[in-house]
Amino acid sequence: MKGLLVKDFIFMRKNKKMVIMLLAIEIIFLATQGVDSAPFIIGYMTMGCGMLVLSSITTDEYTKSMPFLMALPISRKEYVLEKYIFSVICNLFGCLLAFLPCCMMKPAQTGEVLGMAMVILAVMLLVQMAMLPAQLKYGGEKGRVVLMGIFVCIVLAVTLLKKGGKALLDRHEGLQLWLGGMLNGLERMDNLAFAAGAAVLCVIGFGISYAVSRGIMEKKEF
């Protein structure tokens, strides 16, 4: 496991140009729009660094490293688990790269930015939990098509839920009151409780996604 993580960190170092490009875009947005651009910057940096995990899987397959790795004293379960651990590390790294500069620019808004960062990080982790099984199953070209399909499905689902939810709320006043009370409760929730809830949701998503990915790897032939 440690050797696989070292290999992927070396891969990340070789892709430092991508990280530098992400940082350059972050600096431009902070310089032009300030902390108001924090939601975009945090989401962009988290997603950008998270994509390194998918690229590492593609590289393993493109360089024909998989048969070699599986010949080592490394199980398929360990390979999958390492990718998920690397995914969490990369997403946290990207989130911190965006969160820290925003806090240094306006320390008074640290609490607000922290809550925003936790929401975005949880969402990005859940999205990546959906993407990793597809990448492991289909790999390079097919994997990109499947990932694009996942993004389209997410956008369509959000759009339909938004429109359908609005129509439903307009018809049911009781549902409006219940939802309003729930949102007010979430607003009053402190960052620690909110982080605990987001962590539980991510752990559940992690477990389901890991089980699917492990099943895919067990059936895969190299």
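Me: Buried means under 20% relative accessible area, exposed over 50%, and partly exposed in between (1.4 Å probe, protein chains only). In which class is Lys7?

Reply: This is a predicted model, where local features need pLDDT of at least 70, side-chain atom pairs count only at pLDDT 80 or more, and totals for chains, interfaces and linings use all residues. Residues are numbered from 1 along each chain as its sequence is written, and side-chain values use heavy atoms, with hydrogens and water left out. Lys7 has a relative accessible area of 25%, so its class is partly exposed.

Me: Which residue forms a salt bridge with Lys83?

Reply: A salt bridge is a side-chain nitrogen of Lys or Arg within 4 Å of a carboxyl oxygen of Asp or Glu. The closest N and O atoms of the Lys83 pair are 3.0 Å apart, and the partner is Asp8.

Me: How many residues apart are Lys83 and Asp8?

Reply: Helices (H or I, at least four residues) and strands (E, at least two) are DSSP runs, numbered from the N terminus. Both Lys83 and Asp8 are buried. Lys83 lies in helix α5 (residues 76-105) and Asp8 in helix α1, so the pair links distant parts of the chain, 75 residues apart.

Me: How far apart are the end C-alpha atoms of helix α3?

Reply: The expected span of a helix is 1.5 Å times one less than its number of residues. For the 25 residues of α3 (residues 38-62), this gives 36 Å. The end C-alpha distance agrees, at 36 Å.
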